[in-house]
Amino acid sequence: MTDLNEISSLLAKTKVQQLNEVNFSNKSLKLDNAEDASEVVKAIKECKDLQALRLNGNTIGVEAAAAIADALKDRKELERAYWSDIFTGRLRSEIPPALQSLGDAVFAAKASLVELDLSDNAFGPDGINAVKSLLSSRSGYTIQILKLNNNGLGPNGGKILAAALQECYKNSGGLFSLKTFFCGRNRLEIAGSAALASTFKIIGTLENVSMPQNGIKSEGIVPLVTALSFNKSLKRLNLNDNIFSEDGSEALAKAMANWPDLEYLNVGDCLLRSDGATAIANTIEKCNTNLQEVLVDSNDIETDAALKLVAALKNCPSLQKLDINANCFGSKGIEELKCYIKGSVVADSLCSLSEDEGLLEEADDDDSAASDEDDQPGDDATGKLVEDKELCITGASLTPESSPRSTNVQQGIFDYDEIVWKFLNISKSLDSSQDHPQEFCDIDTMMSSILISSTFESEKFASTLLIHMGLLKTEDELFICTSDDLNGPLYALRYIVKQSYFPKQVIPILKAFINKPNERLDKCATAKHLLMQTLFQV
């Protein structure tokens with residue numbers, strides 16, 4: 001029989017922390033004014049010890065935000081503000097004053113925040129300006145978790161954020177000890193990431209950093225990871241889908257020597273190549289034996305480098321996941337890898353290798369052959385090459401001389417203008433108020449067989465679609481638009497990108513253009529927001 005005194009002793013030592021919160025999470029409330037916000041205000045006032053306020057997944061206007069802020073002015077005990085996705089459908093001009101009201105209320109209450117989540121609010125640099133006083137104030141000194149994913153900050157927003165955090169550190173007398181920092185999908189690029197790097201070097205307490213999909217090239221990666229090397233307790237790092245190249249990979253390998261507690265590393269789709277993977281492997285073997293998850297997929301890594309990496313990871317007893325998919329091993333390389341790791345902790349942790357790109361030399365030969373074929377003279381129904389210099393995206397434009405609805409689809413030759421026109425015509429009646437089974441069925445019927453065709457050129461389809469939606473200029477530097485209202489097409493895109501037949505290589509192109517400031521898209525804020533959420537989930 002178990003000793004009851006021993007059980008009582010163990011229970012006495014066990015502390016159960018209860019979080020008192022007001023939770024309106026994901027209720028899809030549309031709060032325009034004080035009356036709309038009355039239920040939230042009442043709940044705040046009636047809560048005896050308000051430690052957390054969850055408003056995420058609703059949409060809050062300026063007047064409603066002011067009413068909620070007024071209720072918060074006396075809540076000194078507030079520690080956690082979960083305010084992600086609270087401005088869906090709001091005008092860009094509404095967001096800064098609403099944020100300012102909420103931030104000023106927290107400051108007036110003399111609250112000491114521990115966590116602030118403002119993710120999935122498309123407020124850009126103006127939004128950061130609205131909360132920088134909160135971030136650098138006494139209420140910000142105690143923030144340990146800061147989440148700013150998918151805010152459209154851009155390089156300038158990154159600079160403003162970095163300055164606010166540095167001011168917070170200075171004003172706190174060095175007490176500011178940020179531990180978790182999320183700032184993914186924000187187009188920080190080199191300038192924004194470099195500014196944040198100078199902040200990270202000063203702070204020195206980071207344990208969890210996530211900055212994927214920011215368009216950071218090696219010139220920004222080097223100072224970023226170098227600055228993070230001053231944060232000796234780093235346990236998790238996610239820099240997925242940035243561009244490391246040789247310099248960035250070497251800098252990361254050097255920085256990793258300073259992170260003995262590192263448990264999670266995600267540098268998938270970062271152009272590490274074989275030399276980068278080898279450099280990282282050498283550091284892991286000596287310094288990072290606590291790793292539990294390593295993601296280095298889609299990096300043009302060849303078999304020899306992969307073997308060095310898995311050899312290093314054999315020394316990581318807690319390894320749970322290794323993703324080296326979509327690299328360049330070939331069938332023989334895959335077999336060699338599996339044979340080498342057989343019976344080790346790496347074998348149990350290895351993810352699927354189903355998307356391997358084959359030997360790098362073979363891939364280069366295939367690309368060269370395809371390029372030679374493309375250079376041959378012939379009819380091109382989709383026109384000449386166009387470029388968007390700002391986003392570094394290239395595609396085929398609408399040919400003015402050709403009729404947009406005239407070409408047969410024979411022998412795998414597609415009229416992309418006709419396909420797009422039909423797609424937009426079917427989708428124009430879609431909205432969020434009801435299901436549209438017939439329209440979705442029509443879209444599936446038309447698109448499924450086309451998109452999976454081996455001769456279908458997905459990039460041409462993407463550029464033609466963007467042109468007809470008025471989001472990409474033609475070769476004549478003109479905007480045209482087949483569809484007057486983009487709500488329907490955006491809802492249709494949200495549906496189609498989730499289907500198995502949709503080409504995944506089109507998704508980054510859609511992300512870039514849909515997330516780009518555009519008056520036509522601003523009129524469809526809800527549909528745009530829902531599409532962007534889906535694009536980042538698929």
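I am working on a predicted model.

**Thr278**

I looked up Thr278 and found it in helix H10, which covers residues 273-287. Is Thr278 buried or exposed? Its relative accessible area comes out at 17%, and since the cut-off for buried is under 20%, I put it down as buried. Next I checked its contacts, skipping the neighbours within four places in sequence, and got Ala305 and Lys308.

**Aromatic pairs**

I ran a search for aromatic pairs over the whole structure, and it turned up 1. Phe181 is buried at 0%, and Phe200 is buried with a relative accessible area of 0%.

**Charges over rings**

Then I went looking for charged ends sitting over rings. Arg185 has its charged end over the ring of Phe536, 4.1 Å from the ring centre. Arg236 does this with the ring of Tyr264, and there the distance to the centre is 4.1 Å.

**Helix H17**

On to H17, residues 458-468. How many of its residues are buried? I get 10 of the 11, so the helix is largely enclosed by the rest of the structure. The buried ones include Lys460 and His468, along with Phe461, Leu465 and Leu466. After the helix comes Gly470, and I noted its positive phi, near 80°.

**H15 against H17**

Last, I checked how H15 (residues 416-427) packs on H17. The angle is about 55° and the axes are 9 Å apart. That angle makes H15 oblique to H17. I have the crossing down as right-handed. Which residues meet there? From H15 I listed Tyr416, Asp417, Ile419, Val420, Phe423 and Leu424; from H17 they meet Lys460, Phe461, Thr464, Leu465 and His468. A reminder for reading that list: an α-helix has 3.6 residues a turn, so residues three or four places apart point the same way.

Notes
Residues numbered from 1 in each chain as written. Predicted model: local features only at pLDDT ≥ 70, side-chain atom pairs only at ≥ 80, totals over all residues. Heavy atoms only, no water. Helix = DSSP H or I, 4+ residues; strand = E, 2+ residues; numbered from the N terminus. Buried < 20%, exposed > 50% of the residue type's maximum accessible area, 1.4 Å probe, protein only. Contact = heavy atoms within 4.5 Å. Phe/Tyr/Trp six-rings, centres within 6.5 Å; stacked < 30°, edge-to-face > 60°. Lys NZ or Arg CZ within 6 Å of the ring centre and 35° of its normal. Axes fitted to C-alpha atoms, helices over the stretch in contact; angles between N-to-C directions. Parallel < 35°, antiparallel > 145°, perpendicular 65-115°, else oblique. Left-handed = near helix turned anticlockwise from the far one by under 90°.
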